[in-house]
Amino acid sequence: PASLAGIGTNAFYHCDALTNISVASGNLFYRSEDGVLYDTSRHPALLRCPGGKSGAFVVPEGTWYLADRAFAGCRRLTEVTLPASLVNVGTNTFYQCDALTDITADDDNSFYGSIDGVLYLASRQVHLVCCPGGKSGAFVVPSGVLYIDAGAFAGCSRLTEVSIPVSVLGVGTNAFYRCDALTNIVSASPIYTPSDGLL
């Protein structure tokens, strides 16, 4: 309704059939576009994509932030395109997006880039931000990546092996959470030495 001034964390999480969130005209804090929930701040954030959305989704130009878990549980999304305006991606934004195989950043985005559908920070060289949940088989982290962010591979339930290059200096919390098929981590990093596939 127009009167609504606050929405709590995970308010629409696991609403798997939800395809549309509508906001009444006159609401000062929230708006909806194509059934997706945004705030109305000077630097707009995409707060929640309904869990029932499917196929490809393009985040509108002018969006600055993707909130924590903004797409979490959108199990039928296959591709997400990020605009040039985006400056921040929250934690676990794409968690449990089981069919998602491609996250693409606009070429004019100064903060994010993508290689083979995987999202990176700072001109594709510094942080591995998110590997889409639909990726399968073996994955090789590109040489030059310094950090694997918290939750970067979380929910990638079909990955079987991850290779870490010598350049990696840090691996974030829960980076490999719920990687249920992952049986081997190979590391060339002097900081992370695996034993029998364990990091």
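Leu 119 stands opposite Cys 130 in β11. Strand β11 (residues 127–130) runs antiparallel to β10 (residues 118–121), and 3 bridges join the two. Strands here are DSSP E runs of at least two residues, numbered from the N terminus. Two strands pair if DSSP finds at least two bridges between them.

The model is a predicted one: local features need pLDDT of at least 70, side-chain atom pairs count only at pLDDT 80 or more, and totals for chains, interfaces and linings use all residues. Residues are numbered from 1 along each chain as its sequence is written, and side-chain values use heavy atoms, with hydrogens and water left out.

Back to the sheet. It is open and holds 5 strands, in the order β9-β10-β11-β13-β15, with mixed pairing. β9 (112–115) and β15 (170–171) stand at the edges with a single partner strand each, so one side of each has no neighbour in the sheet. In a regular strand, side chains alternate between the two faces of the sheet.

The loop that leads from β14 (158–164) to β15 contains Ser 167. This residue is buried, at 16% relative accessibility. The cut-offs, with a 1.4 Å probe and protein chains only, are under 20% relative accessible area for buried, over 50% for exposed, and partly exposed in between. A polar atom of the Ser 167 side chain lies 3.0 Å from the backbone nitrogen of Gly 144. Contact means heavy atoms within 4.5 Å. Not counting residues up to four places away in sequence, Ser 167 touches Pro 142, Ser 143, Gly 144, Val 145 and Leu 146.

Now take the hairpin. β1 (residues 30–33) and β2 (residues 36–39) are antiparallel strands joined by 4 bridges. Glu 33 has Val 36 as its bridge partner in β2. The hairpin has 2 residues between its strands, and Asp 34 in the turn has a positive phi of about 55 degrees.

Charged pairs come next. A salt bridge is a side-chain nitrogen of Lys or Arg within 4 Å of a carboxyl oxygen of Asp or Glu. By this rule there are 4 salt bridges. One of them joins the side chains of Glu 33 and Arg 31, at 3.1 Å from N to O. Glu 33 is partly exposed at 35% relative accessibility, and Arg 31 is partly exposed at 29%.

Another salt bridge joins Asp 34 and Lys 53, at 3.7 Å from N to O. Asp 34 sits in the loop between β1 and β2, and Lys 53 in the loop between β3 (45–48) and β4 (54–58), so the pair ties together parts 19 residues apart in sequence. Asp 34 is exposed at 59%, whereas Lys 53 is buried at 15%.

Arg 75 also forms a salt bridge, with Asp 98, and their closest N and O atoms are 2.5 Å apart. Arg 75 lies in the loop between β5 (65–66) and β6, Asp 98 in the loop between β7 and β8, 23 residues apart. Both are partly exposed: Arg 75 at 28%, Asp 98 at 22%.

Arg 76 is found in strand β6 (residues 76–82). Its relative accessible area is 40%, so it is partly exposed. Among the residues that Arg 76 touches, beyond four places in sequence, are Asp 16, Lys 53 and Ala 99. The C-alpha atoms of Arg 76 and Gln 96 are 9.8 Å apart.

Thr 93 lies in the loop between β7 (88–89) and β8 (102–105). It is buried, at 3% relative accessibility. Its contacts beyond four places in sequence include Leu 66, Arg 69 and Phe 71.

Definitions and conventions. A polar contact is a pair of N or O atoms within 3.5 Å; within protein, one must be able to donate a hydrogen and the other to accept it, and residues adjacent in sequence count only if both atoms are side-chain atoms.
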